[in-house]
Amino acid sequence: MGWLWAIIVGFVLGLLAKAILPGKQHSPLWLTTIFGIIGAIVGNAIARGIGIDETSGIDWGRHALQLAAAIVIVFVGDMAYMAVRGNKQRA
């Protein structure tokens, strides 16, 4: 069940990150989901590092860090995807 939950959270985080970023992102949905999963992992690590990973109630700080990490990773990942995709189209 943990993997299914990670995929769902990654999907939602990836879509939110794409919606927040200005302009059009060209990465496919499956890659956006992977970027979202990575963003959740990075956000959790940062939250753990600053001591807000386990709080009573809803962990708004942890969720905000997950979303911020997903935004950065979707942005960088989409640029890398376009660089690789652009190089394949030229060959």
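Of the contacts in this protein with a separation of 6 or more, 63% join residues 24 or more positions apart (contact means heavy atoms within 4.5 Å). This is a predicted model, where local features need pLDDT of at least 70, side-chain atom pairs count only at pLDDT 80 or more, and totals for chains, interfaces and linings use all residues. Residues are numbered from 1 along each chain as its sequence is written, and side-chain values use heavy atoms, with hydrogens and water left out.

**Overall build**
- The protein has three helices and zero strands, in the order α-α-α along the sequence (DSSP runs: helices are H or I, at least four residues; strands are E, at least two; numbering starts at the N terminus).
- Its C-alpha atoms fill a box of roughly 55 × 25 × 20 Å along the principal axes.
- Of the 91 residues, 30% count as buried (under 20% relative accessible area, 1.4 Å probe, protein chains only).

**The salt bridge**
- Searching the whole structure turns up one salt bridge (a side-chain nitrogen of Lys or Arg within 4 Å of a carboxyl oxygen of Asp or Glu).
- Its partners are Arg 62 and Asp 59, at 3.1 Å from N to O, and both residues are buried.

**Pocket lining**
- Helix H1 (2–20), helix H2 (29–50) and helix H3 (60–90) each give at least two residues to the lining of the largest pocket (on a 1 Å grid over the protein atoms alone, a pocket is an open set of points where a 1.4 Å probe fits, with protein on both sides within 12 Å along at least five of seven lines; lining residues have an atom within 4 Å of a point).
- H1 supplies the largest share of that lining, eight residues.

Note on methods
Buried < 20%, exposed > 50% of the residue type's maximum accessible area, 1.4 Å probe, protein only.
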